[in-house]
Amino acid sequence: MKRRDFLKTVAGASMCSMLCSSCSFLPNNTDKNLIESEFIYKSKADLPKKIRLEASTLCQLNCPACWMRLGEEKIKKTEGFGYLKFEDFKNLVDDNPQIEEIELSNNGEIFLNPELDEIIKYAYEKGIKLRASGGVNLNTLSDKIAESLVKYRFVNIIVSIDGATPDAYKIYRRGGDFNKVIANIKKINKYKKKYNSVFPVLTYKFIIFNHNIEDIPRAKKLAKKLNMIMVFAQNNQAWYAPLSAEQKIRAEKLSGIKLDDTGEKQLLNTYRQKKCDWFYCQDLFENPQINWNGNLLGCCVFADKNFGANVFKDGLLNALNHPNILYAKKMVTDFSVSPKKGVLCSECSVYKTIKEENYEMFSDRKII
């Protein structure tokens, strides 16, 4: 795939054809052979209109297959755990008027952020759409936040429930309370009725394990009763609660979804079949992931390392023009480019999968 065609397909934005002289990350002695000039943003107007901004990496649950729990000690020593401060959010938004939409959920529980109410209100005042499509557990929700979600038109929330009874729910969502989650959903619905609003749109997400298959019919009925969209998902952690051949057939029949590959190959195949419009590496170009502390993560894959730039300190323009992320964009669009130390994609299993498959992402689809 020609890189110019890729840029037209993915970004749809004018990018600088020369190195940006204002970027503090590009000193005069930068080896321009290591930088793809077409990937450099010339001005803030060219930057992505959507970003992913971690509201909180804190979580009150202890799910056995959660990568944040499995890598907790390493994360403590590197990125650390914390929450997005309102002041940092405000400064970022004020400095980047091109931003139209922000995804707040990623690795933690957004409702553990004590400054979330201010963030929601300010985003609304600035005309910015907020989403929690990465998922929440919704075990914690104050009346004030519930009302703010509706009043300030928070777009959508995906609630990870994985069951329809307390007994099935608590097996994976350790430390959680199924009845609290349902009560909090009803709390949001109460304010939706009060304000006569469809926002936030709520989704009931059910990851299929070997212990919750018989809850599938109940979950469908409960989702309908709660006015939620029902979504079933495959467990991508093959080592945890795997399905037997008989369970797989039963789960497919009850859920209506096909359970095939796991992990990156499953998503890649789904993407290839045009059954979804997103793949991890797209975030580098369209929806860059920023951690709660401002560190540029690029996408949602890593939680314990970053690209070497901090959006809050360096500014979004300079951060997205950092040589490491520019090199990463070269890697995922041109597999002849060798991995490089310090560039996160070099350590990424997703990148290794698409390279092994020799898959030209984005080449045959329109990106929304």
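Predicted model: local features only at pLDDT ≥ 70, side-chain atom pairs only at ≥ 80, totals over all residues.
## A look at the helices and the buried parts

Of the 368 residues in the protein, 57% are buried. In secondary structure you get 16 helices and eight strands. As for contacts between residues at least 6 apart in sequence, 72% of them link residues at least 24 apart.

**Two helix pairs**

For two packed helices, the description to go for is the angle between their axes plus the distance between the axes. Here are two pairs laid out that way.

| Helix pair | Residues | Axes come within | Crossing angle |
|---|---|---|---|
| α4 and α5 | 86-95 and 116-125 | 9 Å | roughly 15° |
| α9 and α10 | 216-225 and 245-255 | 9 Å | roughly 20° |

With an angle of roughly 20° between α9 and α10, that pair counts as roughly parallel, because the cut-off is under 35 degrees. The crossing of α9 past α10 is right-handed. On the α9 side, the contact uses Ile216, Pro217 and Lys220, and on the α10 side it uses Ala251, Leu254 and Ser255. Sort those residues by class and you have four nonpolar, one polar and one charged.

Now for α4 and α5, whose axes cross at roughly 15°. These helices are therefore roughly parallel to each other as well, and their crossing is right-handed. From α4 come Phe86, Phe89, Lys90, Val93 and Asp94, which meet Glu118, Ile119, Tyr122 and Ala123 of α5. That contact has six nonpolar and three charged residues, with no polar ones.

**A helix tucked inside**

How many of the eleven residues of helix α15 are buried? Eleven of the eleven, so this helix, residues 323-333, is largely enclosed by the rest of the structure. The buried set runs Pro323, Asn324, Ile325, Leu326, Tyr327, Ala328, Lys329, Lys330, Met331, Val332 and Thr333, with two lysines, Lys329 and Lys330, on the list.

Is Asn324 buried or exposed? Its relative accessibility is 16%, and the limit for buried is under 20%, so Asn324 counts as buried. Setting aside neighbours within four places in sequence, Asn324 has contacts with Phe307, Gly342 and Val343. Take Gly342: this residue sits 18 residues from Asn324 along the chain, and the two C-alpha atoms are 7.0 Å apart.

Definitions and conventions:
Residues numbered from 1 in each chain as written. Heavy atoms only, no water. Helix = DSSP H or I, 4+ residues; strand = E, 2+ residues; numbered from the N terminus. Buried < 20%, exposed > 50% of the residue type's maximum accessible area, 1.4 Å probe, protein only. Contact = heavy atoms within 4.5 Å. Axes fitted to C-alpha atoms, helices over the stretch in contact; angles between N-to-C directions. Parallel < 35°, antiparallel > 145°, perpendicular 65-115°, else oblique. Left-handed = near helix turned anticlockwise from the far one by under 90°. Nonpolar A, V, L, I, M, F, W, Y, C, P; charged D, E, K, R; others polar.
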